[in-house]
Amino acid sequence: MTYRNLPRVLLAFGLMSGCAGPLNQHDSSASERMHDAPSTPQSEAAPPTEIPMTREERLAAPSDVAAAPDDAIVTESGLAYKVLRPGSGDARPTADASVEVHYTGWTTDGERFDSSVERGQTTSFPLRRVIPGWTEGLQLMVVGEMTRFWIPAALAYGETPQRPGAPSGMLVFDVELIDFKEPPAPPETPEDVAAPPANATKTASGLAYRVLKAGSGQGHPAASSSVTVHYSGWTTDGRLFDSSVLRDSPATFPLNGVIRGWTEGLQLMVVGEKTRFWIPADMAYGETPRRPGAPAGLLVFDVELLDFR
């Protein structure tokens with residue numbers, strides 16, 4: 001799923017975790033524990049009593065915008081919700097899913113601060129990269145459903161948002177789940193992840209590689225080329241530390257802007273080829289990486305070259 005038409009609330013207020021937004025204000029492990037499973041099945045929700053259908057109705061502040069009504073369901077985290085229109089699906093997104101939605105958001109005084117309905121375009125994004133109230137709430141929904149959420153400040157931007165312009169306090173959203181997509185299964189850890197096997201080819205620099213699938217192309221990228229690839233990377237103990245396959249999105253980057261093992265290794269490949277590389281520490285991030293979080297030591301990558309220019 002391509003993340004398109006990202007809403008102003010994502011970009012301006014930092015819903016996405018890559019921004020200096022609300023997810024950075026919460027303990028990530030606690031947030032993940034909270035969202036591992038919905039607290040209350042959707043089937044227990046009260047029957048829908050209000051169904052905003054026209055564009056004008058979906059943009060107007062709800063009559064219950066100031067506080068969740070008595071018939072709203074409240075989860076253990078404090079998130080309140082009420083189904084406005086049942087959906088047609090049975091499956092619900094997990095926290096790892098990417099979702100496509102229509103939504104409108106208000107502060108409790110009825111001020112509308114963002115709306116994909118107003119823009120006339122649905123929005124797609126990964127659930128783990130938005131405020132905790134959205135991560136939890138969308139997991140309660142099925143495709144076609146429209147639900148109203150009353151999101152406490154603690155699950156949104158807080159009472160005093162760190163990011164200028166972000167809405168404060170409890171927020172109210174009407175959300176329609178259009179579609180969702182779960183990520184692919186994690187790639188299997190290579191059986192030879194600990195060290196290059198005897199049939200691997202080794203270059204003068206110490207880079208080792210083995211072709212897993214032959215390609216159909218003829219030309220090879222240059223060090224100055226931009227490449228598009230799918231890849232997965234492991235440390236020698238079998239820990240998967242990065243994967244475009246899991247994101248279901250190929251990566252594109254200039255070869256002269258990555259670790260040396262990639263710059264050398266990708267120049268050996270043709271389009272359509274899939275190769276496993278064993279990259280020594282001195283051609284990766286080193287034995288003691290200076291960049292926080294970077295993997296140390298010998299690294300193993302499976303790389304599929306999709307295109308280059």
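Which strands each supply at least two residues of the lining of the largest cavity? The legends below take that up first, and every view comes from a predicted model.

**View 1. The largest cavity and its lining.**
β3 and β7 are the answer: each of them gives at least two residues to the lining of the largest cavity. If you count cavities of 30 Å³ or more, you get one. The largest cavity has a volume of about 50 Å³, and 10 residues line it. Closest to its centre are R58, Y103, T104, V117 and D174.

**View 2. The largest nonpolar core.**
This core has 27 residues, and the ones touching the most other members are V101, W134, L138, F149, I151, F173 and V175. At least two core residues come from each of β3 (98-107), α5 (132-138), β6 (146-151) and β7 (171-181). The top contributor is β7, with five residues. As a bit of background, nonpolar side chains tend to be buried together in soluble globular proteins.

**View 3. The surroundings of V175.**
Here we zoom in on V175, one of the core residues that touch the most other members. Skip its neighbours within four places in sequence, and V175 is in contact with V101, H102, Y103, W134, L138, M141, E145, M146, T147 and F149. Away from all this, a second, separate core is made up of 20 residues, including Y231, I259, M269 and F277.

**View 4. An aromatic cluster, and a tilted pair.**
Y103, F113, F125, W134 and F173 come together as one aromatic cluster. Aromatic pairs come to 11 in the count. Take Y81 and F149: their ring centres are 6.3 Å apart and their planes sit at 40°, so this pair is tilted. Y81 belongs to strand β2 (residues 80-85) and F149 to strand β6, so the pair ties together parts that are 68 residues apart in sequence. Both partners are tucked away: Y81 is buried at a relative accessible area of 1%, and F149 counts as buried at 2% relative accessibility.

**View 5. An edge-to-face pair, W262 with F301.**
The rings of W262 and F301 form an edge-to-face aromatic pair, 5.2 Å from centre to centre and with 85° between the planes. Since W262 is in helix α7 (residues 260-266) and F301 is in strand β14 (residues 299-308), the pair ties together parts that are 39 residues apart in sequence. W262 counts as buried, at 6% relative accessibility. So does F301, at 4%.

Is D302 buried or exposed? With 9% relative accessibility, D302 counts as buried. D302 is part of strand β14, and its side chain makes a polar contact of 2.6 Å with the side chain of R276. Leave out residues up to four places away in sequence, and D302 touches P190, L212, H230, Y231, S232, W234, K274, T275 and R276. Y231 in that list is also a member of the second core.

**View 6. D248 and its positive phi.**
D248 has a positive phi of about 60°, although it is not a glycine. Where does D248 sit? Look in the loop between α6 (244-247) and β12 (251-254). At 29% relative accessibility, D248 counts as partly exposed.

Definitions and conventions
Residues are numbered from 1 along each chain as its sequence is written. This is a predicted model: local features need pLDDT of at least 70, side-chain atom pairs count only at pLDDT 80 or more; totals for chains, interfaces and linings use all residues. Side-chain values use heavy atoms; hydrogens and water are left out. A nonpolar core is a set of buried Ala, Val, Leu, Ile, Met, Phe, Trp, Tyr and Cys residues joined through side-chain atoms within 4.5 Å. Buried means under 20% relative accessible area, exposed over 50%, partly exposed in between (1.4 Å probe, protein chains only). Helices (H or I, at least four residues) and strands (E, at least two) are DSSP runs, numbered from the N terminus. Contact means heavy atoms within 4.5 Å. Rings of Phe, Tyr and Trp (its six-membered ring) pair if their centres lie within 6.5 Å; planes under 30 degrees apart count as stacked, over 60 as edge-to-face and the rest as tilted. A polar contact is a pair of N or O atoms within 3.5 Å; within protein, one must be able to donate a hydrogen and the other to accept it, and residues adjacent in sequence count only if both atoms are side-chain atoms. On a 1 Å grid over the protein atoms alone, a cavity is a set of points where a 1.4 Å probe fits but cannot get out, and a pocket is an open set with protein on both sides within 12 Å along at least five of seven lines; lining residues have an atom within 4 Å of a point. Grid points are joined across faces, edges and corners, and a volume is the space filled by probe spheres set on the points.
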